[in-house]
Amino acid sequence: MVINSDQDIVTARQRGRALAIEVGFSTGDATLIATAISELARNIVSYARKGEISLKQVHASSRQGILIVASDDGPGIRDIRQAMRDGFSTSGSLGLGLPGVRRLMDEFEIASEPGRGTTVKVKKWKQ
Amino acid sequence: MSKRDSSSKDSGARNNPGVDLVRSEAPSELLRELVAHLRQNRTQLREEWVVRITETRLLTAMTKEEIFAEATSVYDSYVEALETEAFEALQAYARNLSERIIPRGVETHEVVGIVLLLRDVLARSLFAKYQTDFKKLNRILDAYEPAANRIANTVAVGFVQERERVIRQQQEAIRELSTPVLQVRERLLILPIIGVIDPQRARQLTEQLLRGIRTNRAKVVVIDITGVAAMDLTVANNLVQTVEASRLLGATVIVTGLSPEIAQTLVTIGVDLGKMNTVGDLQGGIEQAERLLGYKVEKLAEPR
Amino acid sequence: MEVPILKQGAVLIATFQAALSDADLNHLRMGLVQQVVKFRSRAVIVDVTAMDVMDSFASRTLREIAHMIRLRGAETVIVGIQPEVAFAMVQLGLTLEGVATALDLEEGLAYLTQKFKNTD
């Protein structure tokens, strides 16, 4: 789904929660997932203005999970290591976005190229 | 066992029809013949299998009648899986069987053992039936083996998965028991933590406490960690998070039983103890909690 | 989506809905501060019971509301944070430091009553 307004942030996290419940996550986990989606969507809106978020159910051997991919072709991140440090921000927000998302989820992957955009892939597995 | 040139089987038959007529039997036809044989000799083969199970001292936790009943079901599902090459029914049966026998203490090696025994019993009967036609025996075994291996695999995996599920369930139950949230007074909860805290347990503990705060409308929580042997950075951070999350629900947390060693460790690794309200022991913690709640506890008289 | 603001004596009560957008939150922040001035309220209770996600923006807005209202000489209490939401918040490092919290509206009012009694 396309993310380019603050209303889309709300829609994205509502869909994420619905999918998480469908996959069988507890309400606690569904809240963590919805919160992570909210942060990722917010990053898109505040840094790239426009981007996309996709939500998918994933399987691995005996586990069920959820995959969230947030991508944009915004300005990108020059120093990923710095961006992943708590407290870093360039748009005046609290700057807890990415490291916070990493704590909420089980797997975290980020690829970014300055001037080209950023893609963040995160997964959460059912306990 | 022997792996014969299977790719030439089809092409050979296609290129030289009539030359190698026997070779043109499709594996599925062979399987059909095999299934017919297994159905015809069901009673005898099944009994032979049960005897072998008993001789090998497998499934000792079960009675002879039980073994025979299960063996019959497994045998029929087995033949059906060979016939239809659909493993879902067998898989479901394997799970169901595992569910019943795991509480009896049946081990993984026993389940794998009996399936391999069945494979062996059936292979032997095939040897006996086709011993005069060696070529055909080979082809039958070619068709039988991969299917038999898949069946053995399906049953074993089904058992192991079920076992893992049971273990997870038991761990869950033990965890629930090991972190009781106790209400000692109106609006006052106590959470005594004993043993090792891993991130998973820490999370469960926090969720339980938060739910407890909500249902009991608690204002003060005493977390006693006298029984916690060691604390590293991760556990300490979890504890700080528990304190912070409780405050978001409007409850004050008092941590008691922090040993000097643990306190020293926490300071060394840089945990901000200033965020935590700590009192030496559980009794002191409860007294402070009572003061926070506006209770005044007095002794009425000297006990006689 | 408008956030209803209820006036009860010296206290203003704002009740959040589940799906508040950033614009709604900004709107609420301005609205609350104006009303505190207008009614000379002594306190504001923000009820977030219906919110199923509290991300960094919402949390920051709540803190800003509390700070602005303090500059007006009034107190803010956040009530109704759900257990799951609280858990997610601390994972994100959002602890609403320096802002008073209470279990629900009833508790929030009780807290303020006590506080007013002590300062009167």
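1. Phe108(A) has Val122(A) as its bridge partner in E5(A). Strand E5 of chain A covers residues 117-125; E4(A) and E5(A) run antiparallel and are joined by 7 bridges. Strands here are DSSP runs of E with at least two residues, helices are runs of H or I with at least four, and both are numbered from the N terminus. Two strands are taken as paired if DSSP finds at least two bridges between them.

2. This is a predicted model, in which local features need pLDDT of at least 70 and side-chain atom pairs count only at pLDDT 80 or more, while totals for chains, interfaces and linings use all residues; side-chain values use heavy atoms, with hydrogens and water left out. Residues are numbered from 1 along each chain as its sequence is written, and chains are lettered from A, ligands numbered from 1, in the order in which they are written.

3. The hairpin of E4(A) and E5(A) has 3 residues between the strands, and within that hairpin Gly115(A) takes a positive phi near 85°. The pair belongs to an open sheet of 5 strands in chain A, with the order E1-E2-E3-E5-E4 and antiparallel pairing. Strands E1 (2-3) and E4 (107-113) of chain A are at the edges; each has a single partner strand, so one side of each lacks a neighbour in the sheet.

4. Two helices of chain A pack on this sheet. Helix H1 (residues 6-23) of chain A touches E1, E2 (51-60) and E3 (63-72) of chain A, and its direction makes about 5° with that of E2(A). Helix H2 (residues 27-48) of chain A touches E1, E2, E3 and E5 of chain A, its direction making about 10° with that of E3(A). The axes are lines fitted to C-alpha atoms, for helices over the stretch in contact, and angles run from 0 to 180 degrees between N-to-C directions. Contact means heavy atoms within 4.5 Å.

5. Ser112(A) lies in strand E4 of chain A. A polar atom of the Ser112(A) side chain is 2.7 Å from the backbone nitrogen of Ile77(A), and the side chain of Ser112(A) also reaches the backbone oxygen of Gly117(A) at 3.3 Å. Not counting residues up to four places away in sequence, Ser112(A) touches Gly76(A), Ile77(A), Ile80(A), Gly117(A) and Thr118(A).

6. Between chains C and A, 21 residues of chain C are in contact with 24 residues of chain A. The two chains bury about 1,900 Å², 55% of it on carbon and sulfur atoms; buried area is the accessible area (1.4 Å probe) that two parts lose on being put together, summed over both. Val53(C), Gln91(C) and Leu92(C) supply 29% of the area that chain C buries against chain A, more than any other three residues.

7. The rule finds 4 salt bridges across the interface of chain C and chain A, where a salt bridge is a side-chain nitrogen of Lys or Arg within 4 Å of a carboxyl oxygen of Asp or Glu. Arg17(A) forms a salt bridge with Asp52(C), with the closest N and O atoms 3.1 Å apart. Helices H1 (22-39), H2 (56-71) and H3 (83-92) of chain C each supply at least two residues of the side that touches chain A. H3(C) has the largest share, 6 residues.

8. Between chains B and C, 18 residues of chain B are in contact with 20 residues of chain C. The buried area is about 1,700 Å², of which carbon and sulfur atoms give 56%. The rule finds 5 salt bridges across this interface. In one of them, the side chains of Glu107(C) and Arg217(B) meet at 3.6 Å, N to O. Helix H8 (199-216) and helix H9 (233-248) of chain B are the elements that give two or more residues to the side of chain B that touches chain C; H8(B) gives the most, with 7 residues.

9. Arg187(B) lies in the loop between strand E1 (182-185) and strand E2 (188-194) of chain B. Leaving aside neighbours within four places in sequence, Arg187(B) has contacts that include Arg217(B), Leu293(B) and Glu107(C). The backbone oxygen of Arg217(B) is 2.9 Å from a polar atom of the Arg187(B) side chain. Arg187(B) and Ile213(B) are 26 residues apart in sequence and 8.3 Å apart in space, C-alpha to C-alpha.

Definitions and conventions: Polar contact = N/O pair within 3.5 Å; in protein donor to acceptor, adjacent residues only side chain to side chain.
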